[in-house]
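Please look over the sequence and the structure shown here before reading on.

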Amino acid sequence: MTSDGHVKMTGSGGFIVIEIPTTLVLGAGASVAYGLPLNSELTSRLYRLGSEEDPRHGMLCAAGFGTAEILAFSTEFLQSQAPSIDEFLSHRADDFSRIGKAAIAMIIRERESPDLLLKPQDADHWYKYLWERLTEDATFETIDRSKLTVVTFNYDRSLETYLSYVIGARFRKTPKECAESRSKGGWLNIIHVYGEVTGNYGWNATSLEALSPSLTDDALEELHVIPEGGNDDQRVLQVRAVLSRAKRICFLGFGFQKLNLDLLDAKTTCTDTSRPVWGTAHGLKENEIFQAEKRCSLFAGSKTWPRPRRPMDRHGFYDMKCLDLLRESLVLSPPDV
């Protein structure tokens with residue numbers, strides 16, 4: 001272990017191990033390079049559900065939802081002008097929880113693309129960078145020697161699916177062997193705050209046959225909206241504990257909505273006392289970035305805050321994409337040798 005809180009070389013074959021407890025917190029922007037929708041696209045598609053000409057409307061009808069229910073959900077969400085579907089459902093869960101979950105699951109499933117996991121649609125291929133940081137001459141048995149935890153607010157399984165592909169190809173393991181290893185806690189600890197969709201990733205995900213397993217009552221029960229379980233939910237408590245123990249925290253593709261930061265208890269669990277806290281703030285204005293930093297209690301003791309910054313002259317939140325931030329911050333990299 002190094003004194004600067006980075007990583008060291010250990011294990012057989014020069015395997016890079018992240019020794020310091022590190023937590024990545026993912027929002028929708030972390031998956032967009034792999035074909036998954038940002039909040040703006042998800043919202044736009046949910047608005048259109050009320051039209052019987054929208055193919056997703058027919059899919060939901062075939063899955064057992066009524067036209068009136070679909071129209072009411074779409075119309076009320078539009079009229080609410082809520083900044084996100086999560087925020088809307090936090091107030092209207094009693095009315096629209098089930099149809100809301102089904103609509104989200106359907107849109108996410110139809111955007112799943114196995115090809116884009118390996119060849120993303122832009123240069124922000126941070127999954128590959130993470131894979132390189134986690135492995136160097138590693139064996140299948142030693143690949144999980146890492147104190148890295150991923151906390152994701154996304155329903156999609158793109159990261160774990162990507163890891164299944166690359167691990168299977170590198171070590172000649174079947175999908176079943178990879179799944180069994182993951183279920184035992186291997187590779188990487190990934191916590192889905194709101195649960196995850198089900199079904200074969202991207203397998204003809206626009207057909208009713210492929211989507212149906214994702215829209216059953218059991219599948220929808222695995223997805224959560226904010227009021228369900230509240231702040232006493234075991235998953236929420238687990239995430240807060242992970243963040244509190246972390247020596248390094250990095251937000252990737254995260255929107256810093258107050259609703260989600262309150263769920264994390266960010267002013268307590270993400271404060272930067274004696275540890276670096278990084279984050280992407282792609283597309284945010286400077287004052288919005290400072291506001292996000294305040295919501296996480298960064299630089300609370302500074303006498304001249306907010307203050308001018310140069311790119312990466314200190315930890316904090318920056319108008320960067322995921323890969324650029326990881327490369328500039330070196331939050332996952334070993335120390336210089």
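## The pairing of helix 3 and helix 4

In this predicted model, helix 3, which covers residues 67-80, and helix 4 have axes that come within 10 Å and cross at roughly 155°. Angles over 145 degrees count as roughly antiparallel, and helix 3 and helix 4 are therefore roughly antiparallel to each other. The crossing in which helix 3 passes helix 4 is left-handed.

On the side of helix 3, the residues that meet helix 4 are Glu 69, Ile 70, Ala 72, Phe 73, Glu 76, Phe 77 and Ser 80. Their counterparts in helix 4 are Ile 85, Phe 88, Leu 89, Arg 92, Phe 96, Ile 99, Gly 100 and Ala 103. Sorted by class, this contact of helix 3 with helix 4 is made up of 10 nonpolar, 2 polar and 3 charged residues.

## The largest pocket

Helix 4 also takes part in the largest pocket, where it provides the largest share of the lining, namely 4 residues. The space in this pocket amounts to about 860 Å³, and 36 residues line it, with Gly 27, Ala 28, Gly 29, Asn 39 and Gly 253 lying nearest its centre. The elements that give two or more residues to this lining are helix 1, spanning 39-47, and helix 4, spanning 85-110.

What classes of residue line the largest pocket? The lining divides into 18 nonpolar, 13 polar and 5 charged residues.

## The second largest cavity

By class, the lining of the second largest cavity has 4 nonpolar residues, 5 polar residues and 2 charged residues.

Note on methods. Residues numbered from 1 in each chain as written. Predicted model: local features only at pLDDT ≥ 70, side-chain atom pairs only at ≥ 80, totals over all residues. Heavy atoms only, no water. 1 Å grid on protein atoms, 1.4 Å probe; cavity = no way out; pocket = protein on both sides within 12 Å on 5 of 7 lines; lining within 4 Å. Points joined across faces, edges and corners; volume = space filled by probe spheres on them. Nonpolar A, V, L, I, M, F, W, Y, C, P; charged D, E, K, R; others polar. Axes fitted to C-alpha atoms, helices over the stretch in contact; angles between N-to-C directions. Parallel < 35°, antiparallel > 145°, perpendicular 65-115°, else oblique. Left-handed = near helix turned anticlockwise from the far one by under 90°. Contact = heavy atoms within 4.5 Å.
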